[in-house]
Amino acid sequence: MQRAHPVKHFLFWILMTALVAGGYYRRNALSKTAKNARMWHYKANAKVMATFAEVTFWEKDPDYKKGKAGHELNTKAKVIVWTVFDNVNTRFSNYNKDSEISKLNASAFDAPFKCSDEMWELLMASKVAFEDSHGAFDVTAGPMIKLWGLYRFEIKTLPTEDAINQAREKCGFKKLKFDNENKTVKFSVAGMSIDFGGIAKGYAVDKAVKKLREIGIEKGIVNLGGNIYCFENTPGDRDHYKVAIKHPRAEGAIGYIPFKGKAVATSGDYERFVEIDGNRYTHIINPMSGKPVSEICSVTVLSKSALLADVLSTAIFINQGKHCDELLKKYPDLQIMLISEGVNDTMKQAIKTSSLLKNQTITQRGSNGLVAYKIGKSWHRIHDIKKW
Ligand code: ADP
Ligand code: MG
């Protein structure tokens, strides 16, 4: 039994972020590549929400050279982002016993729990995610996540079918009872628990970006554990930002996506997992089976909303391509990429029933026998994927 090596984890995010914007800047330095403007950038990183966060802002500001206005704005921007992330962590972390979610989980079976506005907002977003994903994205998966040892990566043997069935009894979004008027929630089964691990980071990034706009930040990147938002405006003479997509079965990237004014998120089986008897079990559970998802390597989603990118990358990972047509109809700006080892029966079925997968998908086979499905608009702009 093993946890993904923390150093490897760290390197992954460095890779994700080092390749953001093509590495054409230096720390707090005057960019030499800007054609018409002298662009400065400011960069900071921190460990928050049990992951790696990084912000980068650019600015065309002559005073910045003197270390005045620009620097002050960027420092203020950084503090705003760290504060948002800290607040989200304090409210929604299952690892902190004093967080609002821990209190909710401890008491919502005994009595209705009165939610803060933020808690209510995230619960309602989770409800939409549950519906959009046909029940695959379910924040009540807590008991199954615990059973599979995915909080502390500490189990040594596979859970029995009985134990899996018992955990499944305690899961299910429909077992939450909401009172919309009083903003309370109650568990209808003892032992239920909510886990926002698949939604809170995207939520936090959207909150941070909104606040950054309010103070006048126009160009930048906010990255919280791979949930990356790139602003609409780009620095210097560049017309987009670039984010690298990790190769799920080898070191390095399979390619990079140029974009702006959007967020990207990837759910993969290669970062967080438990290993039992030589087999790896990833941290994403299929609520229908009560077991970790297998046979898919990663799903990358682009959307204007970081929350949607976060949620749908996890949901599509579980559904393995099913319901993508519906999602694109509801959220036309989505772009989706699935990478798998070969094509399993679920995927075959998804391809059969999806007009998008049938007609618009570009399928490529890489050197490792991996297959990529790119669904949605403009995926032709993904670069370098042929190299893998
Ligand atoms: P990461 O958090 O590693 O970036 P994801 O965004 O894909 O990866 O979210 C995975 C997390 O979502 C898990 O660690 C767990 O907390 C939670 N989770 C696992 N299975 C489900 C599920 N079926 N529905 C909702 N959340 C889930
Ligand atoms: Mg996610």
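A residue counts as buried if 20 or more other C-beta atoms lie within 10 Å of its own, as exposed if 12 or fewer do, and as partly exposed in between, with the C-beta atoms placed from the backbone. By this rule, 46% of the 388 residues of the protein chain are buried.

This is a predicted model, in which local features need pLDDT of at least 70, side-chain atom pairs count only at pLDDT 80 or more, and totals for chains, interfaces and linings use all residues. Residues are numbered from 1 along each chain as its sequence is written, while chains are lettered from A and ligands numbered from 1 in the order in which they are written.

**Exercise 1. Find where the pLDDT is under 50 in the protein chain.**

Step 1: pLDDT is the predictor's confidence in each residue, from 0 to 100, and its mean over the protein chain is 82, with 78% of the residues at 70 or more.

Step 2: Over residues 1–36 the pLDDT stays under 50, and for this stretch the model has 61 contacts beyond four places in sequence, where a contact means that the C-beta atoms of two residues, placed from the backbone, lie within 7 Å.

Step 3: Residues 383–388 also have a pLDDT below 50, with 14 contacts in the model beyond near neighbours in sequence.

**Exercise 2. Work out whether Val55 is buried or exposed, and which residues it touches.**

Step 1: Val55 is found in strand S2, residues 51–59; here helices (H or I, at least four residues) and strands (E, at least two) are DSSP runs, numbered from the N terminus.

Step 2: Val55 has 24 C-beta neighbours inside 10 Å and therefore counts as buried.

Step 3: Leaving out residues up to four places away in sequence, Val55 touches Ala44, Ala77, Lys78, Val81, Gly220 and Val222. The C-alpha atoms of Val55 and Val222 are separated by 4.7 Å, although these residues are 167 apart along the chain.

**Exercise 3. Explain why strand S10 is described as largely enclosed, and name its partners.**

Step 1: Strand S10 covers residues 262–268, and seven of its seven residues are buried, so S10 is largely enclosed by the rest of the structure.

Step 2: Lys262, Val264, Thr266 and Gly268 point one way from S10, whereas Ala263, Ala265 and Ser267 point the other way, and all are buried.

Step 3: Two strands pair if DSSP finds at least two bridges between them. Strand S7 (residues 227–230) runs antiparallel to S10 and is joined to it by three bridges, while six bridges join S10 to strand S15 (residues 298–303), again antiparallel.

Step 4: Val264 of S10 is the bridge partner of Ile228, and Val264 also stands opposite Leu302 in S15.

**Exercise 4. Describe the shell around ligand 1 and say why ligand 1 lies between two domains.**

Step 1: The shell holds 21 residues, of which the closest are Gly197, Gly198, Ser267, Ile285 and Thr314; a residue is near a molecule if its C-beta atom, placed from the backbone, lies within 6 Å of it.

Step 2: By class, there are eight nonpolar, eight polar and five charged residues in the shell, where Ala, Val, Leu, Ile, Met, Phe, Trp, Tyr, Cys and Pro count as nonpolar, Asp, Glu, Lys and Arg as charged, and the others, Gly among them, as polar.

Step 3: Helix H8 (residues 306–319) gives the most to this shell, with four residues.

Step 4: Ligand 1 lies between domain 1 (6–24 + 238–387) and domain 2 (100–187) because both give residues to its shell; the domain bounds come from an automatic or database domain assignment.
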